[in-house]
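Open the model in your viewer and keep the selection panel to hand. This tour goes from stop to stop.

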Amino acid sequence: MGEQEGTMAAESSTKGTAGTDGIEAVGLVREFKKGPRAVDGIDLRVEPGEIYGFLGPNGAGKSTTVLMLTTLLPPTAGTARVGGFDIVKEGSRVRSAIGAALQEAALDPLLTGNEHMRLQTSLHGLDKAERESRGAELLERVGLTKAADRKVGGYSGGMKRRLDLALALAHQPRILFLDEPTTGLDIQSRTALWEEVARLAAEDGVTVFLTTQYLEEADVLADRVGIIDHGHIVAEGTPAELKAQIGRPTVEAVPRDPGEREHTAAVLARFGEPADSGTKGAAVLLAGGDAGLAEVVRALDGEGIKIETLQLHAPSLDDVFLAKTGRSLEGADEATGEAEDALAETGAAEAA
């Protein structure tokens, strides 16, 4: 074997047969003993360095999917490769390639934030100097430097979520699973985490698999979005593509002079089909999408129409979610037993 062939073989041994930092699942199924299929034959692919947003109401199969992809729950059927490794046959290699911040953080209330970081970095084989610097860096990144010497039992829920994220990043994973990572965080902390997740993908090339119930979070962060409902992926694409499936944006103009309403409607009609509006204004579905808004403004100004208000109503991920599942995501009132059932069954299997 030549030197180049030997190098290629070594790289294949390190990265797995797929040689990728992505995620791929084919026909993935998980069926529980006392219930229906939580995940019912899903196919998905997440490219290296991509942020993939996984949306779904409570009980739709989000957490069960994450537990399978992170090797914490074996699939009933189907296959999946994470970082190029088979989640069933090469579980230890999958775990070495990933970081995970799941819904149930495994934190010891008697340990401090610093002690958690030292333990985590030790388990991943970092030397003493690297443990100290890496732990301090990550605690600062998630805003826990001042609380680093406090016991975790006294942390708020949001602080625990931030510490869990820091622990997931301890060994600089190539793939990061975040299961509703910003639950319980205030707006400032949530925004800070968004910035960190975006930086990890853009600058470090980390692949991120993100489940969330915050539609804004998926819209801001995700390169692509998958919507799961009753164990099936019912829609997938970029946020812009999914919104475009629902409909075009609507522009509504209210003239300062009520007598200019018909004139305003005639100008807007150049740019699309009439749409519902209030009694004081006119509206159209923009044929050219939201890029046509500037032309609308120029046309109204050219006709000498003084405008009181001008509003662009763009389709949102909330509209997409409602259209695909028949319900809103936030505030879903279904039981939240999916993750608990999955973890309980995992525990039973380990005990056996």
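How many nonpolar, polar and charged residues are in the lining of the largest pocket? By class there are 15 nonpolar, eight polar and five charged residues. Keep in mind throughout that this is a predicted model.

**Stop 1: the largest pocket**

Select L72, A100, L102, A106 and D164. Of the 28 lining residues, these lie nearest the centre of the pocket. The space here comes to about 680 Å³. Now colour the elements that give two or more residues to this lining: α2 (62-69), β6 (98-101), α4 (113-123), α6 (157-168) and α13 (338-351).

**Stop 2: the open sheet**

Show the strands next. Four of them form an open sheet, in the order β2-β1-β4-β5, with antiparallel pairing. Select β2 (37-46) and β5 (85-86) to see the edges; each of these strands pairs on one side only.

Move to β1 (residues 23-31) and β4 (residues 77-82). Five bridges join this antiparallel pair. To see a bridge, pick A25, whose partner in β4 is A80.

Now bring back α2, one of the elements from the pocket lining. This helix lies across β1, β2 and β4. With β1 it makes an angle of about 115°.

**Stop 3**

Most residues other than glycine have a negative phi. Two residues are worth a look on that account.

Select T71, in the loop between α2 and β4. Its phi is positive, about 70°, although T71 is not a glycine. Is T71 buried or exposed? T71 is buried, because its relative accessible area of 17% is under the 20% cut-off.

Then go to H230, in the loop between β9 (224-229) and β10 (232-237). H230 is not a glycine either, yet has a positive phi of about 50°. H230 counts as exposed, because its relative accessibility is 56% and the cut-off is over 50%.

**Stop 4: the cavity**

Finish inside the protein model. The count gives one cavity of 30 Å³ or more. The largest cavity has a volume of about 40 Å³. Select its lining: L165, L178, P181, T182, L193, W194, V197, L210, E217 and L221.

Which elements give two or more residues to this lining? They are α7 (187-204) and α8 (215-221). Helix α7 gives the most, with three residues. Colour the lining by class to see eight nonpolar residues, one polar and one charged.

Technical notes:
Residues numbered from 1 in each chain as written. Predicted model: local features only at pLDDT ≥ 70, side-chain atom pairs only at ≥ 80, totals over all residues. Heavy atoms only, no water. 1 Å grid on protein atoms, 1.4 Å probe; cavity = no way out; pocket = protein on both sides within 12 Å on 5 of 7 lines; lining within 4 Å. Points joined across faces, edges and corners; volume = space filled by probe spheres on them. Helix = DSSP H or I, 4+ residues; strand = E, 2+ residues; numbered from the N terminus. Nonpolar A, V, L, I, M, F, W, Y, C, P; charged D, E, K, R; others polar. Pairing = 2+ DSSP bridges. Contact = heavy atoms within 4.5 Å. Axes fitted to C-alpha atoms, helices over the stretch in contact; angles between N-to-C directions. Buried < 20%, exposed > 50% of the residue type's maximum accessible area, 1.4 Å probe, protein only.
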